[in-house]
Amino acid sequence: MLAIINIISAWAIPIMIAFIPLYAWIKKVAVYESFVEGAKDGFSTAINIMPHLVGMMVAISVFRASGALDFFVGWFTPLLSKLSVPSEILPLGILRPLTGTGSLAFTTDLIKTYGPDSMIGRIASTIQGSTDTTLYVLTVYFGAVGIRKGRYALKVGLFSDIVGFIAAIAVCLLIFS
């Protein structure tokens, strides 16, 4: 069974790359012209996203440089220690909804410091896979398409991030303790 999965994995993308242009040719679609038209649309979308992206990056930098991140970590450390949760994880829970790159860099630092097989490394890796960059998505993508009323999306997104954060910690503590 594993050998079959490996063969499928190795051939899935090359087959798709060959199949899509072949299918378009059969359907008499101008493949190259469609690609160029899509690239033009992508370029204009990138230009529209840029101001929102810059604003979000500035806000994240101010949040970290102001000491607000350290303040929140210090405030929750006693509670986390009573729950046997490493406090080193908390900044990741705060950063993850804000920035994917920043949270990945923070996770990389945690893994370099504590090791990939440490409880901190395992929890950090699980959080990376269990949560999303909610505020980044709402700011950049909603801003790019002109959605101004995203309060329900914000509530649901942040709630799911909190649930993912707590579940990642609980599962890691349950499995690896």
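A helix here is a DSSP run of H or I that is at least four residues long, and helices are numbered from the N terminus. By that definition, tryptophan 75 lies in helix H3, a helix that spans residues 68-82. The model is a predicted one.

Begin with what a record says about the chain. In UniProt, an unreviewed entry carries the annotation "transmembrane region" for residues 7-26, 46-63 and 156-176. Two of these spans can be described further. Residues 46-63 are 100% helix and 0% strand, and the C-alpha atoms at the ends of this span lie 25 Å apart. For residues 156-176 the figures are again 100% helix and 0% strand, with 29 Å between the end C-alpha atoms. The unreviewed entry also has the annotation "domain: Nucleoside transporter/FeoB GTPase Gate", which covers residues 47-147. This span is 78% helix and 0% strand, and its end C-alpha atoms are 17 Å apart.

Most residues other than glycine have a negative phi. Which way does the phi of lysine 28 go, positive or negative? Lysine 28 has a positive phi of about 60°, although it is not a glycine. This residue sits in the loop between helix H1 (2-26) and helix H2 (31-65). Lysine 28 counts as exposed because its relative accessibility is 75%, and the cut-off for exposed is over 50%. Serine 84 also has a positive phi, near 60°, and is a residue other than glycine. Its place is in the loop between H3 and H4. With a relative accessibility of 55%, serine 84 counts as exposed.

Now turn to the aromatic rings. A pair of aromatic rings is described by the distance of the centres and the angle of the planes. The structure holds three aromatic pairs. One of them joins phenylalanine 71 and phenylalanine 72, with 5.8 Å from centre to centre and 65° between the planes, an edge-to-face arrangement. Phenylalanine 71 is exposed, at 54% relative accessible area, whereas phenylalanine 72 is partly exposed, at 33%. Another pair is made by tryptophan 75 and phenylalanine 76. How are these two rings set against each other? Their planes stand at 85° and their centres are 4.9 Å apart, so the pair is edge-to-face; the reason is that planes over 60 degrees apart count as edge-to-face. Tryptophan 75 counts as exposed at 59% relative accessibility, while phenylalanine 76 is partly exposed at 32%.

A ring can also have a charge over it. The charged end of arginine 122 sits over the ring of phenylalanine 176, at 4.1 Å from the ring centre.

Tryptophan 75 and alanine 3 are 72 residues apart along the chain, and 51 Å separates their C-alpha atoms. Methionine 119 and valine 85 are 34 residues apart in sequence, with a C-alpha to C-alpha distance of 9.3 Å. Methionine 119 is found in helix H6, residues 119-130, and is partly exposed, with a relative accessible area of 22%. Serine 125 also has its place in helix H6. This serine is partly exposed, at 37% relative accessible area. Serine 125 and threonine 108 are 17 residues apart in sequence, and their C-alpha atoms are 9.0 Å apart in space.

The last stop is empty space. Rolling a probe the size of a water molecule over the atoms shows where such space is left. The largest pocket holds about 550 Å³. Its lining consists of 20 residues, and those nearest its centre are Leu90, Gly93, Ile162, Phe165 and Ile166. Which helices supply at least two residues each to this lining? They are helix H3 (68-82), helix H4 (90-95) and helix H8 (151-176). H8 gives the most, with seven residues. By type, the lining of the largest pocket divides into 16 nonpolar, two polar and two charged residues.

Notes
Residues numbered from 1 in each chain as written. Predicted model: local features only at pLDDT ≥ 70, side-chain atom pairs only at ≥ 80, totals over all residues. Heavy atoms only, no water. 1 Å grid on protein atoms, 1.4 Å probe; cavity = no way out; pocket = protein on both sides within 12 Å on 5 of 7 lines; lining within 4 Å. Points joined across faces, edges and corners; volume = space filled by probe spheres on them. Nonpolar A, V, L, I, M, F, W, Y, C, P; charged D, E, K, R; others polar. Phe/Tyr/Trp six-rings, centres within 6.5 Å; stacked < 30°, edge-to-face > 60°. Buried < 20%, exposed > 50% of the residue type's maximum accessible area, 1.4 Å probe, protein only. Lys NZ or Arg CZ within 6 Å of the ring centre and 35° of its normal. UniProt positions renumbered as here; feature names shortened; annotations may be inferred.
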